[in-house]
Amino acid sequence: MSLEVPQDRKRHVSEAREDQMDAQEAMALLDHICKLDIYSDPKSHRLTSIICTLGPASRSDSVLTDLVKSGMNIARLNFSHGTHEYHAETIASVRKVVNALKKSVAIALDTKGPEIRLGLLKGGGSAEVELKRGNRVTLTTDASMKESGTADRVYIDYKNIVKVVDIGGTIYVDDGLISLIVKEKGSDYLTCEIDNGGMLGSRKGVNLPHADVDLPAVSEQDRRDLLFGVDQNVDMVFASFIRKADDVKEVRGILGEKGKDILIVSKIENHEGMRNFDEILDASDGIMVARGDLGIEIPAEKVFLAQKMMVGRCNRAGKPVICATQMLDSMISNPRPTRAEGSDVANAVLDGVDCIMLSGETAKGKYPVQSVQMMHNISREAEAAMFHRLVFDEIKRGSTGDRDMMRAVAVAAISATFELNAGAIVCLTKTGRTAQILSNFRPRAGILTVTRNARVARQIHLWRGCFPLYYDKPVIEPWEEDAEARVQWALTRGKEMGFLKVGTPVVIVQGFRPGPFATNTIRILQTP
């Protein structure tokens, strides 16, 4: 949307070049920043994918249709809530809507993961007690207290808590709203001083920062949920509370042969996950910076450091990365975000994330569609403001991927897009690997990803800048004619989508023979 300005500034607006091109032509980062112009309109398409959590506010066909039209790329199902029947209905609704719209939208299963909770209070699930600062409360693993908690004594369901939390350690309850300091330990209890009080309800969650929690990575409920996801043919799993590479391997083992093509995105949510980040990254298909629990486990002032480190290492390794939690949180209740939230979304994009995620905003908020539209608009502005050539050079020098033929082709193709100011890259791919490698180098041009594999078309949304074009036409013989037919179809679709106009340069990336791992050819065309 263009910025409305007073009449005396219309001349300035008319002279502003689209997509921050003055800044893109700068020779250094400071010069680039100085040339950013609020009157420059971004391109219409968005490179960063948007993940929407589905819930009561967004399950209906009408809202799902509006979400897809507004830019939802991946639908997230949170298995901390809801039954399998509930989620099966949601999956069926998503597929019905995207098929009607002829779109490729991925479905992600977000596991509940290992968690620690307090027991019920006297009075049942709706009961509350007040914990006052300076008073003491005992957390006990005595099962007789499961349903009879009080302000003085309450059950906790983690049997080994007395082994992993030391005297002087901190315990957070209810997303950190209540904090306790351990003062005394017994065989089945911890007596704590209330450091920060508040109203305590039944079954509230507990966080143990600095403690190496020995809960299993995959609970029995998670196992059932993962097998349900395999049966439902989900595209990816967001695995909660991953602490080490073996946790990822356990998830992959449960998915089994039938679920071998499901991508695993590991959520980093605690100190142990941070310490073992490199081995988790190596074992995973992608990473989620899950700032909710992470922001309780580590100091709030350290969260941005964790985010930047994880995004940087994912960019260097060529793995997709998601930024999540409270990105537009105020839009749960309000039609516009705070200025700080807008900057948070933009800075995540500038940091180099592949995807940004909405949680309560779309699951339970009053303005789910407006939240997606706002995230779409902020992302476009931030992408235009990126110093793409500098980012490309730095990733090229610092990437840890194999220096093979496909990487060399990708580097050459993206260099050509900068020289020509190309409108798009057309990529013919079977497995999605060529598009993924192109995405790793963060081109300004969109990657029109032509594939006959419907799952690849959905999953490619996890990589920045990839726009899936699912090609379902019959194969033509010989192969060369089939490849050319796909290229010409992609050029037509590129014009329809607004990437290309007649005469716009476009870079084609493909192989010289059918099959995977054959990409070795670049062509440069003018759009017919």
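**Reasoning from cut-offs**

Modeller: In this predicted model, six cavities of 30 Å³ or more are counted. The largest cavity has a volume of about 90 Å³.

Colleague: Which element gives the most to the lining of the largest cavity?

Modeller: Helix H15, residues 368–385, gives the most, with three residues. Among the lining residues of this cavity are Arg-380, Glu-383 and Ala-384. By class, the lining has three nonpolar, two polar and five charged residues.

Colleague: Why is the contact between Arg-458 and Asp-235 called a salt bridge?

Modeller: The N to O distance between these side chains is 2.8 Å. The cut-off is within 4 Å, so the pair qualifies as a salt bridge. Arg-458 lies in helix H19, while Asp-235 lies in the loop between helix H7 and strand S13, 223 residues apart. Both Arg-458 and Asp-235 are buried.

Colleague: What makes Asp-278 partly exposed?

Modeller: The relative accessibility of Asp-278 is 45%. Buried requires under 20% and exposed requires over 50%, so Asp-278 falls in between and counts as partly exposed. By the same cut-offs, Arg-313 is partly exposed, because its relative accessible area is 29%.

Colleague: Why are Arg-442 and Asp-354 called buried?

Modeller: Arg-442 has 3% relative accessibility, and Asp-354 has a relative accessible area of 1%. Buried means under 20%, so Arg-442 and Asp-354 are buried. Arg-442 also forms a salt bridge with Asp-354, their closest N and O atoms being 2.9 Å apart.

Colleague: How do you know that strands S5 and S11 pair?

Modeller: S5 and S11 have four bridges, in the antiparallel sense. At least two bridges are needed, so S5 and S11 count as paired. In this pairing, Leu-131 stands opposite Gly-198 in S11.

Colleague: What makes the side chains along S5 alternate?

Modeller: In a regular strand the side chains alternate between the two faces of the sheet.

Conventions
Residues numbered from 1 in each chain as written. Predicted model: local features only at pLDDT ≥ 70, side-chain atom pairs only at ≥ 80, totals over all residues. Heavy atoms only, no water. 1 Å grid on protein atoms, 1.4 Å probe; cavity = no way out; pocket = protein on both sides within 12 Å on 5 of 7 lines; lining within 4 Å. Points joined across faces, edges and corners; volume = space filled by probe spheres on them. Nonpolar A, V, L, I, M, F, W, Y, C, P; charged D, E, K, R; others polar. Buried < 20%, exposed > 50% of the residue type's maximum accessible area, 1.4 Å probe, protein only.
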